Amino acid sequence: MSVSDCLDIKCTSFHYVDAGKGLIGFAELVLNEGFVVNSIAVYAKKTGGIRLLYPDKRGFTICHPTNKKVSQQIETVVFDAINNVRKKGSVCDDRYDTFKP
């Protein structure tokens with residue numbers, strides 16, 4: 001069993017920003033309903049699709065996917081959240097619905 005097979009990844013919030021230079025917003029993920037990753041910058045690629053920049057502090061990466069399969073899973077979840085926001089025309093913020101007992 002690989003790492004990606006046992007990961008439950010949810011994008012609990014996505015907030016659009018109008019910063020230019022390709023930055024379209026910030027995402028928050030919850031992994032296995034127990035670990036939150038905030039401040040994932042989402043950039044639009046010129047060729048289509050998205051590129052994610054994970055949080056860092058003074059050049060040191062705080063967290064990032066460990067392999068391409070997990071990275072693609074995360075990109076898919078974030079892309080779906082962006083499309084959901086576009087449909088609703090508002091901010092997607094499901095963080096309180098994520099931790100239902």
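Modeller: Start with D8. Keep in mind that this is a predicted model. D8 is partly exposed, with a relative accessible area of 32%.

Colleague: And what does D8 form a salt bridge with?

Modeller: With K10. The closest N and O atoms are 3.4 Å apart. K10 is partly exposed too, at a relative accessible area of 29%.

Colleague: Why would two side chains pair up like that?

Modeller: Side chains of opposite charge can pair when their charged atoms come close.

Colleague: OK. How many salt bridges does the structure hold?

Modeller: Two. In the other, the side chains of K10 and E33 meet, at 3.1 Å from N to O. That pair links distant parts of the chain. K10 sits in strand β1, residues 9–20. E33 is in the loop between β2 and β3, 23 residues apart from K10.

Colleague: Which elements give two or more residues to its lining?

Modeller: β2 (23–31), β3 (35–44) and α1 (68–88). The lining has 14 residues, and L31, H64, P65, V70 and I74 lie nearest the pocket's centre.

Colleague: What classes are the lining residues?

Modeller: Twelve are nonpolar and two are polar.

Definitions and conventions:
Residues are numbered from 1 along each chain as its sequence is written. This is a predicted model: local features need pLDDT of at least 70, side-chain atom pairs count only at pLDDT 80 or more; totals for chains, interfaces and linings use all residues. Side-chain values use heavy atoms; hydrogens and water are left out. On a 1 Å grid over the protein atoms alone, a cavity is a set of points where a 1.4 Å probe fits but cannot get out, and a pocket is an open set with protein on both sides within 12 Å along at least five of seven lines; lining residues have an atom within 4 Å of a point. Helices (H or I, at least four residues) and strands (E, at least two) are DSSP runs, numbered from the N terminus. Ala, Val, Leu, Ile, Met, Phe, Trp, Tyr, Cys and Pro count as nonpolar, Asp, Glu, Lys and Arg as charged, and the others, Gly among them, as polar. A salt bridge is a side-chain nitrogen of Lys or Arg within 4 Å of a carboxyl oxygen of Asp or Glu. Buried means under 20% relative accessible area, exposed over 50%, partly exposed in between (1.4 Å probe, protein chains only).
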